[in-house]
Amino acid sequence: MESTKNINNSLSSREAEVISLIAKGLSNKEIARALYLSVHTVITHTKNIYKKLNVNSRAEAAYEHLVRQEK
């Protein structure tokens with residue numbers, strides 16, 4: 001089983017940008033606009049983030065991101 005540190009390191013730089021914006025409460029459309037991506041691409045990154053962080057919602061992903069930032 002992967003440790004928390006390994007999971008954090010497994011996020012791509014783009015996924016890290018996306019999770020940061022999710023944690024700020026931005027919608028997929030707002031994230032797409034901010035990062036010059038399609039909404040579909042943001043959704044794909046979000047699904048990958050969920051898998052890597054082992055979560056099932058934006059709220060859980062945001063929480064995990066914020067908790068891991070404090071460490």
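Which residues does E15 touch, not counting residues up to four places away in sequence? I opened my notebook with that one, keeping in mind that this is a predicted model.

**Entry 1: E15.** I looked up the contacts and found S10, H45, N48, I49 and K52, with residues up to four places away in sequence not counted. E15 itself sits in helix α2. I then asked what its side chain does, and found a polar contact with the side chain of K52, at 2.8 Å.

**Entry 2: α2 against α4.** Helix α2 covers residues 13–23 and helix α4 covers residues 39–53; their axes are 10 Å apart and the packing angle is about 90°. That angle makes α2 roughly perpendicular to α4, since 65 to 115 degrees counts as such.

**Entry 3: the core.** Which residues touch the most other members of the largest nonpolar core? My notes say V18, I19, I31 and I49, out of 14 residues in that core. Two or more residues come from each of α2, α3 (28–35) and α4.

**Entry 4: I49.** I finished with I49, one of the residues on the E15 list. Setting aside neighbours within four places in sequence, I49 is in contact with L11, E15, V18 and I19.

How values were computed. Residues are numbered from 1 along each chain as its sequence is written. This is a predicted model: local features need pLDDT of at least 70, side-chain atom pairs count only at pLDDT 80 or more; totals for chains, interfaces and linings use all residues. Side-chain values use heavy atoms; hydrogens and water are left out. Axes are lines fitted to C-alpha atoms, for helices over the stretch in contact, and angles run from 0 to 180 degrees between N-to-C directions. Helices (H or I, at least four residues) and strands (E, at least two) are DSSP runs, numbered from the N terminus. Angles under 35 degrees count as roughly parallel, over 145 as roughly antiparallel, 65 to 115 as roughly perpendicular and the rest as oblique. A polar contact is a pair of N or O atoms within 3.5 Å; within protein, one must be able to donate a hydrogen and the other to accept it, and residues adjacent in sequence count only if both atoms are side-chain atoms. Contact means heavy atoms within 4.5 Å. A nonpolar core is a set of buried Ala, Val, Leu, Ile, Met, Phe, Trp, Tyr and Cys residues joined through side-chain atoms within 4.5 Å. Buried means under 20% relative accessible area, exposed over 50%, partly exposed in between (1.4 Å probe, protein chains only).
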